Amino acid sequence: MPTPKQILESLLFASDAPIGLATLVEVMAGPDKDEIRTYLDEMAIEFEESHRGVALAEIAGGYQLLSRKECAPWIEKMLRSRRKVRLSRAGLETLAIVAYKQPITKTEIDGIRGVDSSGSLHTLLERNLVLIAGRSKAVGRPLLYATSQEFFQYMGINDLTDLPELKELGSVLEERERAQMELADEDAVPSVESVVASEDADPAPVEAGAPEGAA
Amino acid sequence: MSDERPDNPVMEKPSGLLRGGDTEASAPARAAIRVNLPAFEGPLDLLLHLIQQDEIDITDIPISKITRQYLETLELMRELDLEVAGEFLVMAATLMRIKARLLLPPIIEEQEELDPREGLVRQLLEYRRFKDAAKDLERLEAERRLLFERGAPAQLEDPEASELLPVSLFRLLEALKGALARRVPSVIHTIHAEPMRIDEAMSLLRENLKTRGRLLFAEMLDLFVTRIEKITAFLGLLELLKLGDVRAAQEDAFGPIYLEIQPGIPANEE
């Protein structure tokens, strides 16, 4: 009879995508969530302490075995690095705006960047980093963009709270901004920015991650 | 607003309304731009670049100087035949409008004395936040790219080999058609044809691919002489593709088709 950790390791080995805790609970059909989490935490330390070539990563809301970053040169040599191309600057800018302000319309993105972002958005959609979370209630019912699960995978983070904090606007303007916010309350679109950037906001992730609204 | 054409970058000297230090930096700034013109993501990006280059306080932009540098850069972009997107021109107009507003005495009817630069400053600050955030994402992206998950096909590829795309059956058929359409040098002396069987064709193909690694589809067909043999070979090839022993690929949509033996196929015959 294999130990729970052995089973967990075999499951992680057999999967090429992060496995969620819920799936692990269901498959293991024995230990509960907390026990499994404890096993996984211990395993992560064991991998680390025994100087293995792989590490147990918590990524995109799940667990996955990933190679050690120090080993990257050899893997790249073996694979001849046939990897997806990196995002362009325009792509990264657009993605950053979507990530911090989701759900957001294209017009709002264009407004911040000062240029048309159609091309970048298209690329991001194509690469599944961004999805359409629904439609805004504003005139014309424009599409709302949000980041996908794939985005977390791609960036190697677990959820939106793992994003680096967005820098504050200049303190001079901060005050005015607050005053304006009070005046213009019509902006009903909830912003993730508040979740990520400020501690006092409710840390519950906005429904942006839910892919159900793919209209 | 038609008289504010950005075509004419020559504006008057910086006015007294603006902070000093405008004049002396323009020459080296211009030289710097000429040496190295980075690609700008848009007018805000360009403005930020100009501001950072001169280490200007973003909340107190010397509009006259920045406008001049901005227009000079646009001019340079045009000289370099870079496409100057419409947004750049809109920003040029905005800058000149702000400059004009600063030159005029404050209008009484305006409720409060807002700095005409305020809207632009706010936009710049907001853009800069996300530009920085994009750098954060870039760093995350770079870190993540050092971590590999399972599932990558582990085969040492020829570094010179270009990426080959899988070929559809349709393309294969077309290639066959093309090959058959080419005139086969007529066989001069008659031989009594010994009909080739598909499995024989398969074996011949497999062995040839094994020794040569990769064959062009056309080269493959050349191994077979008569029309019926070529067709037999084609059927054999389809079978090999189905079995996964052989891979068909091409460099681009209409490029030549390559056939490759898949690694790890044991030689099942002598």
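The model is predicted; local features require pLDDT of at least 70, side-chain atom pairs count only at pLDDT 80 or more, and totals for chains, interfaces and linings use all residues. Residues are numbered from 1 along each chain as its sequence is written, with chains lettered from A and ligands numbered from 1 in the order in which they are written.

Chain B has 9 helices and 4 strands. Helices (H or I, at least four residues) and strands (E, at least two) are DSSP runs, numbered from the N terminus. Along the sequence of chain B the pattern is α-α-α-α-α-β-α-α-β-α-α-β-β. Of its 270 residues, 26% count as buried (20 or more other C-beta atoms within 10 Å of the residue's own, C-beta atoms being placed from the backbone). Contacts require C-beta atoms, placed from the backbone, to lie within 7 Å. Among contacts in chain B between residues at least 6 apart in sequence, 70% join residues at least 24 apart.

In chain B, the axes of helix α2 (residues 43–53) and helix α3 (residues 63–79) come within 10 Å and cross at roughly 125°. Therefore α2(B) is oblique to α3(B). The crossing of α2(B) past α3(B) is right-handed.

At the interface, 39 residues of chain A are in contact with 37 residues of chain B. On the chain A side, β2 (62–67), α4 (72–79), α5 (89–101), α6 (106–113), α8 (149–155) and α9 (171–183) each supply at least two residues. The largest share, 8 residues, comes from α5(A). The chain A side divides into 24 nonpolar, 5 polar and 10 charged residues.

The mean pLDDT of chain A is 80, and 75% of its residues reach 70 or more; pLDDT is the predictor's confidence in each residue, from 0 to 100. Over residues 186–191 of chain A, pLDDT stays under 50, and the model has 5 contacts beyond four places in sequence for them. Residues 194–215 of chain A also have pLDDT below 50; this stretch has 36 contacts beyond near neighbours in sequence.

A:V27 lies in helix α2 (residues 21–28) of chain A. A:V27 is partly exposed, because 13 other C-beta atoms lie within 10 Å. A:V27 and A:I7 are 20 residues apart in sequence and 9.7 Å apart in space, C-alpha to C-alpha.

How values were computed:
Axes are lines fitted to C-alpha atoms, for helices over the stretch in contact, and angles run from 0 to 180 degrees between N-to-C directions. Angles under 35 degrees count as roughly parallel, over 145 as roughly antiparallel, 65 to 115 as roughly perpendicular and the rest as oblique. A crossing is left-handed if the near helix is turned anticlockwise from the far one by less than a right angle, and right-handed if clockwise. Two residues are in contact if their C-beta atoms, placed from the backbone, lie within 7 Å. A residue is buried if 20 or more other C-beta atoms lie within 10 Å of its own, exposed if 12 or fewer, and partly exposed in between; C-beta atoms are placed from the backbone. Ala, Val, Leu, Ile, Met, Phe, Trp, Tyr, Cys and Pro count as nonpolar, Asp, Glu, Lys and Arg as charged, and the others, Gly among them, as polar.
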